[in-house]
Amino acid sequence: MRSIQSNGPDAEFHGPSAEELLSCIADAVISTDEQGKILLFNPAAEKLFGHSAPDVLGTSIHLLIPPRFRETHAHDVASFGSAPSESARAMAGEREVFGLRRDGTEFPAEAVLSRRFFGGQALLTVVVRDMSYRNALDEQRNLIASEMAHRFKNIMAVVNAVISLTARSVSSVEEFRDVLEGRLRSISRTQDALLGPWQDVQLIELLELELAPFRNDAGDRVGLHGPVVTIPPQQAVSMSLVLHELATNAAKYGSLSNSEGSVQLDWTVEHDGDADYLLLDWTETGGPRVALPVRRGFGSDLIERCFGPSSSVIKYNPEGLTAHFRIRL
């Protein structure tokens, strides 16, 4: 150790040794001679590669390199070692660099190689950093960007369809504005629930978002019963729009238009082959007597577009409207 005299009286500071300094470095540090024999292997290298220093000292650096890269690595190091002066460079300038752990697994790496001369002999030192986490973050960012672009296109397609269908189902500009605002708010609420690029939404959360305005303090105006079900993002927007239409129609003409009516939603999950299907039933009771609609409305067109005519059945029973949906998850 080296000693450094401090400013204080009779105080002396003992600096750390080279070994102690190397143990403090978070990156793997490996030194070899010109033939690739390992001369130094710090604790971070032990942790990264899974080898203990006594096991690797004196062995070839190829122990830490995947076999398919060893020939190229030997050529690169030989070329670097014959340079006329001391130098340092990144090893991943033109190709990917991978390390090989003791258990046989590989990892992407960032490596900087340097050369110094001691007593006329060249010492090659490489500082290695595991890039697995950073590469995973880059991949995640790319996936997020791709997913967000895909989701934006889907949302715009839904918005365009909503605008078109709304325009055909209203009779005035004022009605168009009011109805369209409500439908777009429904889409917005669903997107709030779908925070995150791959985040699914719980069915119960989706139902509560759409039906919250119609629930009462007693809790008997809207009934929700079924198992925990996760709805994929691609289905959630369509479902929210359909639920919004059913709730809006119930509030205007059905069981939610008076103080005695109620809506009950029940659901189960059906396994069919390699797919799961959500079976969702909407049942209105206690409202005004129901009559068949005189014209086909937005809701019917929307349901067919979202789920297909064979996956949805709506019945205008005199005692209350019912709807049954079979939706692939």
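Buried here means under 20% relative accessible area, exposed means over 50%, and partly exposed lies in between (1.4 Å probe, protein chains only).

The model is a predicted one: local features need pLDDT of at least 70, side-chain atom pairs count only at pLDDT 80 or more, and totals for chains, interfaces and linings use all residues. Residues are numbered from 1 along each chain as its sequence is written, and side-chain values use heavy atoms, with hydrogens and water left out.

**Stop 1**

A salt bridge is counted when a side-chain nitrogen of Lys or Arg lies within 4 Å of a carboxyl oxygen of Asp or Glu. Helices (H or I, at least four residues) and strands (E, at least two) are DSSP runs, numbered from the N terminus.

Arg-326 is partly exposed at 29% relative accessibility. Glu-270 is also partly exposed, at 29%.

Through shared partners, Glu-270, Asp-272 and Arg-326 form one network of salt bridges.

**Stop 2: the sheet**

Show the cartoon. An open sheet of 5 strands runs in the order β10-β12-β13-β15-β14, with mixed pairing. At the edges are β10 (222-225) and β14 (312-317), each pairing on one side only. From one strand to the next, the twist averages 10°. Axes are lines fitted to C-alpha atoms, for helices over the stretch in contact, and angles run from 0 to 180 degrees between N-to-C directions. Two strands pair if DSSP finds at least two bridges between them.

Zoom in on strands β13 (residues 275-285) and β15 (residues 320-328). They run antiparallel and are joined by 7 bridges. Which residue of β15 is the bridge partner of Thr-283? Select Thr-322 to see it.

**Stop 3: Ser-262**

Select Ser-262, in strand β12. This residue is buried, at 17% relative accessibility. Beyond neighbours within four places in sequence, Ser-262 has contacts that include Asp-220, Arg-221, Ser-255 and Thr-283. Contact means heavy atoms within 4.5 Å.

**Stop 4: Arg-68 and Glu-106**

The salt-bridge count comes to 5. Another one to select joins the side chains of Arg-68 and Glu-106, at 2.7 Å from N to O. Arg-68 lies in helix α4 (residues 67-81) and Glu-106 in strand β7 (residues 106-118), so parts 38 residues apart in sequence are tied together. Arg-68 is exposed at 52% relative accessible area, whereas Glu-106 is partly exposed at 34%.

**Last stop: confidence**

Colour by pLDDT, the predictor's confidence in each residue, from 0 to 100. The protein chain averages 76, and 68% of the residues score at least 70. Select residues 1-6: pLDDT stays under 50 there, and the model has 15 contacts for them beyond four places in sequence. Where pLDDT is low, predicted coordinates should not be read in detail.
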